[in-house]
Amino acid sequence: MELHQLVYAHAIAEERSFTRAAARLRVAQPSLSRAIRLLERELGVTLFHRGPGQSAAEPTPEGAALLPFLRRILADVDDAASEARSLIGMTTGRLVIGATPSLATRLLPAVVADYHAAFPGVELSIVQAGSRDLAALVTDGRVDLGVVVLPLDSPRVSTVALFDDPLVVALGVTHPLASRARIGLRELGRLPLVTFPAGYDLRTVTDEAFRRSGITPRVAVQGGEMDGVLALVAAGLGAAVVPAIAVPPGGSVRAVPLVRPALHRGIGLAQRSDRPAGHAARELQRRLLLAHRGT
């Protein structure tokens, strides 16, 4: 088994076509097809269903099962090359950062800007997704470092706690309770609520708190992602339970502490547990930890 065969197989799986994969890799299609036949012979399985003229290609069940392993191997090779360059003093490289939408908007910009100023040669990419999806992307090697909501139950991902983010009641600035010092959960249950969709982490935490307290909430609107929920709150459609970090100061939404009970979520960093992080990821992790030490 040779590295170029794995690169070819990965490209075919993504393109679903021998022809498009060959064009993407700038190799002759007969050479690509021959390399895949040799790889299949060595593995003892058929990786792709061939279409007419071997142009179309769909992964077989065996091929689909091997695809995550291919991604991890190729990501490891790429990381090894970046690490080697950093060890000899080169300032180039690539770093893919994953974060939930609210954390990508409120937490990352300042740290990423500082990182880019220090290492302008490192190509940075940011992927937004939910914590569980980010765990899968970290496992596959498609994300180097994830900023996630804890706890995260994934056997191939290790996490480091970053800070504790309290949940607050978001209210429009003209709401009668916007100037309150705190709001209890029972009082919140009497207000019309803007909620996240069912299955969303914050919705699950809020629903569970209401259930434990024997409260049936008044749901006025089910929103979408964070920005959509805050826009509905600002328009006066109701209150919402959101992370404190998601509410920028001085805007059209006020954050009032939630009490009895106080709710919170842990924020942490996630990376592959089966290999050490590369130099670029370690440096970003260090900066994030320094930025939030003691918060």
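Cavities, a surface patch and salt bridges

Helix 9 supplies the largest share of the lining of the largest cavity, 5 residues. The model is predicted, so local features need pLDDT of at least 70 and side-chain atom pairs count only at pLDDT 80 or more, while totals for chains, interfaces and linings use all residues. Residues are numbered from 1 along each chain as its sequence is written, and side-chain values use heavy atoms, with hydrogens and water left out.

A cavity here is a set of points, on a 1 Å grid over the protein atoms alone, where a 1.4 Å probe fits but cannot get out; lining residues have an atom within 4 Å of a point. Grid points are joined across faces, edges and corners, and a volume is the space filled by probe spheres set on the points. There are 2 cavities of 30 Å³ or more.

The largest cavity holds about 100 Å³ of space. Its lining has 13 residues, and V194, T195, R203, T206 and V241 lie nearest the centre. Strand 8 (192-195), helix 9 (201-212) and strand 10 (240-243) each give at least two residues to this lining; helices (H or I, at least four residues) and strands (E, at least two) are DSSP runs, numbered from the N terminus.

The second largest cavity has a volume of about 60 Å³. Among the residues that line this cavity are A9, A13, L47 and F48. Helix 1 (3-15) and helix 4 (61-87) each supply at least two residues of its lining, and helix 4 gives the most, with 4 residues.

Helix 4 also gives the most to a nonpolar patch, again with 4 residues. The patch lies on the surface and consists of L3, L43, L66, F69, I73 and V77. Patches are made of residues with over 30% relative accessible area and no salt bridge, with like charges joined within 9 Å and nonpolar side chains (Val, Leu, Ile, Met, Phe, Trp, Tyr) within 5 Å.

The whole structure has 14 salt bridges, each a side-chain nitrogen of Lys or Arg within 4 Å of a carboxyl oxygen of Asp or Glu. In one of them R24 pairs with E14, with the closest N and O atoms 2.9 Å apart. R24 lies in helix 2 (residues 18-25) and E14 in helix 1, so this pair ties together parts that are 10 residues apart in sequence. E14, E15, R20 and R24 are linked in a network of salt bridges.

E283 forms a salt bridge with R286, at 2.7 Å between the closest N and O atoms. E283 and R286 are 3 residues apart in helix 11 (residues 279-291), about one helical turn.

Key
On a 1 Å grid over the protein atoms alone, a cavity is a set of points where a 1.4 Å probe fits but cannot get out, and a pocket is an open set with protein on both sides within 12 Å along at least five of seven lines; lining residues have an atom within 4 Å of a point. Accessible areas come from the Shrake-Rupley method with a 1.4 Å probe; for residues, only the protein chains shown count as cover.
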